[in-house]
Amino acid sequence: MIKQFKLAPSILSADFSDLSLALKICEDGGAHWIHVDVMDNQFVPNLTIGPCVVDSIRPKTKKFIDVHMMVVRPEELVEPFARAGADNITFHIEATNNPSKIINLIRSCGCKAGISLKPQTPLDSIYPYLDEIDIVLIMSVEPGFGGQGFLPETRDRISKLKNFLSDNCLERVMIEVDGGIKLHNAKEVINAGADVLVAGSEVFDSQDPEKRIKDFYQVFNNELR
């Protein structure tokens, strides 16, 4: 099977006055996913997007909408985001004492389920739940703000998780990486084992966001040769 890498531009870095343009950029650039960063000003020190934004963009795109909840009570937002049109809902392992309950809730809503973890959270904290989920989102910055630099130690965490998935016949679980992803480090993150890269400012702050998305896919395609 030929591996297909995916780019998930984060609309957190887009112009909120014209999200239709952001969606068009993602469409014309060929991005597979739309990444939605949800922050509640409690789990992280920032306040961003709610279900109403997902509801507003859902009719305007057929792209996979990837919701990343950085919130203290994720169980309260699963159903609202599912109703709004999310395809995947990811929550943080640090935000709950009962991950399986949230995973089951996400699945009962018809969405794919993901778990994320902060840079300092041990990888083995998510191991008991890997056979229940579709995606692991590894944070390569401290969550809360866009535009941070990629933490180099993340490469080892990606590789360790990739090896664990392979050793336990869990290759179907995708590894998504979020934080400080740039065109110049995309190759090393892919080589470490990532399947999906989240890029915000690198795409939407560039002079030509559509071309920047295509440039990422050129890096991806080179890795398949």
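**Note on the sheet and its salt bridges**

1. D195 counts as buried, at 11% relative accessibility; buried means under 20% relative accessible area, exposed over 50%, partly exposed in between (1.4 Å probe, protein chains only). The side chain of D195 meets that of K162 in a salt bridge, 3.4 Å from N to O. K162 sits in helix α5 and D195 in the loop between α6 and β8, 33 residues apart. K162 is partly exposed at 26%.

2. This is a predicted model: local features need pLDDT of at least 70, side-chain atom pairs count only at pLDDT 80 or more, and totals for chains, interfaces and linings use all residues. Residues are numbered from 1 along each chain as its sequence is written, and side-chain values use heavy atoms, leaving out hydrogens and water.

3. The structure has nine salt bridges (a side-chain nitrogen of Lys or Arg within 4 Å of a carboxyl oxygen of Asp or Glu). Another one joins R155 to E188, with the closest N and O atoms 2.4 Å apart. R155 is in helix α5 and E188 in helix α6, so the pair ties together parts 33 residues apart in sequence.

4. D134 and R107 also form a salt bridge, at 2.9 Å from N to O. D134 is in the loop between β5 and β6, and R107 is in helix α4, 27 residues apart. D134 is buried at 12%; R107 is partly exposed at 35%.

5. Eight strands form an open sheet with parallel pairing, in the order β1-β8-β7-β6-β5-β4-β3-β2. Strands are DSSP runs (E, at least two residues), as are helices (H or I, at least four), numbered from the N terminus. Two strands pair if DSSP finds at least two bridges between them; β5 and β6 have four.
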